[in-house]
Amino acid sequence: MPQLQPIATNIWVIDFPLRVGGLHLGTRTTVVRLASGSLWLHSSGPLQPELVTALSALGPVQALVAPNALHHLYLAQNVRSFPQATVYVSPALPTKLKLSFPYEVLGDEPPALWKDEISQHLVSGLPKLQEVVFCHHASHTLVLTDLAFHIRHSDSWFTRLFMRLNGVYGHFGPSRIFRSMVKDRAALRSSLDRIRTWDFDRVIVSHGEVLEHDGKQAMHTQYGWV
């Protein structure tokens, strides 16, 4: 059963199994406890009652973050589980989903709830993805969704083959599919330059292992093609 795993002080991850078209990708929720004691949930997964209880024991869930055009599958379920939370979504989602619950659209300016603790940026040059990335100051952690993968091992031969063909198996970095989504390389370069001004070492991705060290150098190296 998926469980809360501590990563640093006041930051946890929950890893869930996820299959997409035969691929064993897995998916990850990142949980941050803010100074107020409330919780910030990034890319919420399919929460069983035991996880809802475990999260509630950490603090009240106050923010549900759907960070790009693809990571919204379990958003409605999480809204039902945490009706007191405010929903924050990528600009790609309102027209795509026609959301039936209140929400706020994410941009470059963090909401008051976390502006002193988490920086954020809407990555440019990727109109179909419209991913918002985050940096948790206290833990020096960059939180990505699909901007990079870090699948180093898989029991699925099909996943290993597909990710190798996609140029991203066994190491941290962006996939070939991601590269095909770039429509404005100069705009993406500007966004990456902005991200590199943040103080981070660790990188949390949604698919694959957490990169615990040298995250800033890895971002610089793996995005050299931009």
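Buried here means under 20% relative accessible area, exposed means over 50%, and partly exposed is anything in between, using a 1.4 Å probe and protein chains only. This is a predicted model, where local features need pLDDT of at least 70, side-chain atom pairs count only at pLDDT 80 or more, and totals for chains, interfaces and linings use all residues. Residues are numbered from 1 along each chain as its sequence is written, and side-chain values use heavy atoms, with hydrogens and water left out.

**Overall shape**

The protein chain has seven helices and 13 strands, taken as DSSP runs (H or I, at least four residues, for helices; E, at least two, for strands) and numbered from the N terminus. Its radius of gyration is 17 Å, which agrees with the value near 17 Å for a compact globule of 226 residues. That radius is taken over C-alpha atoms, and the globule rule is 2.2 Å times the number of residues to the power 0.38. Along the principal axes, the C-alpha atoms fill a box of roughly 40 × 35 × 35 Å. Buried residues account for 54% of the 226. If you take contacts (heavy atoms within 4.5 Å) between residues at least 6 apart in sequence, 53% of them join residues at least 24 apart.

**Salt bridges**

A salt bridge is counted when a side-chain nitrogen of Lys or Arg sits within 4 Å of a carboxyl oxygen of Asp or Glu. The structure holds five of them, including these:

| Pair | Closest N and O atoms |
|---|---|
| R28 and D15 | 2.7 Å |
| R194 and D108 | 3.4 Å |
| R196 and D193 | 2.7 Å |

What does the R28 and D15 pair tie together? R28 lies in strand 5 (residues 27-33) and D15 in strand 2 (residues 11-16), so the pair ties together parts that are 13 residues apart in sequence. R28 counts as buried at 6% relative accessibility, while D15 is partly exposed at 28%.

R194 is partly exposed at 34%, and D108 is partly exposed at 33%.

R196 and D193 both sit in helix 6, three residues apart, or about one turn of the helix. R196 is partly exposed at 24%, and so is D193 at 40%.

**One exposed arginine**

R80 lies in helix 2 (residues 75-81) and is exposed, with a relative accessible area of 63%.
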